[in-house]
Amino acid sequence: MSTILRRAVSATRTVSTRSFSSSVARKDYIQDLYLKEIKAYKAPPAAKDAHVGVVKAYTQPPVPKAPALPTDLASELSAYDASEPAAATVAKTTSGDHHADLADGGAEAFLELLEADLPHEGHH
């Protein structure tokens, strides 16, 4: 009985092996044509003066000079202290209508309004 069982097992192995193997190979004609065209391509030769007008000539940047200390520092400091700031101070208004002041003062008045404390109207 074991010989019959061995033959049956070997017969099933050959059948299963045959069913999974594939001997038919398909050719990809598009890929073959593409590869043939790529191999046959010859790039046009570049002209020897093709870079003219595209590449600029290199020049060294100028050497920077060392900063010099002021000779009369005291007079420059006193002139700085005497000068007024560029932004003029905007007079604060005491009126209750802050929006009317914005039309006259512009951006400076608006910034002053934002920085000012809110008025307290007493206890409700």
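1. Helix H2 covers residues 29–40, and at 1.5 Å a residue its 12 residues should span 16 Å, which agrees with the 17 Å that separates its end C-alpha atoms. The expected span is 1.5 Å times one less than the number of residues in the helix, and helices (H or I, at least four residues) and strands (E, at least two) are DSSP runs numbered from the N terminus.

2. This is a predicted model, in which local features need pLDDT of at least 70 and side-chain atom pairs count only at pLDDT 80 or more, whereas totals for chains, interfaces and linings use all residues. Residues are numbered from 1 along each chain as its sequence is written, and side-chain values use heavy atoms, with hydrogens and water left out.

3. Of the 124 residues in the chain, 1% are buried, where buried means under 20% relative accessible area, exposed over 50%, and partly exposed in between (1.4 Å probe, protein chains only). In H2 the number of buried residues is zero out of 12, so this helix lies largely in the open.

4. Leu35 has its place in helix H2 and is partly exposed, with a relative accessible area of 37%. Together with Tyr34 and Ile38, Leu35 forms a nonpolar patch on the surface, with about 310 Å² of accessible area for the three together.

5. The pLDDT, which is the predictor's confidence in each residue from 0 to 100, averages 76 over the chain, and 71% of the residues score at least 70. Among the elements, H2 has the highest mean pLDDT (95) and helix H4 (residues 99–105) the lowest (60). Over residues 90–95 the pLDDT is below 50. Where pLDDT is low, the predicted coordinates should not be read in detail.

How values were computed
Patches are made of residues with over 30% relative accessible area and no salt bridge: like charges are joined within 9 Å, nonpolar side chains (Val, Leu, Ile, Met, Phe, Trp, Tyr) within 5 Å. Accessible areas come from the Shrake-Rupley method with a 1.4 Å probe; for residues, only the protein chains shown count as cover. A salt bridge is a side-chain nitrogen of Lys or Arg within 4 Å of a carboxyl oxygen of Asp or Glu. Contact means heavy atoms within 4.5 Å.
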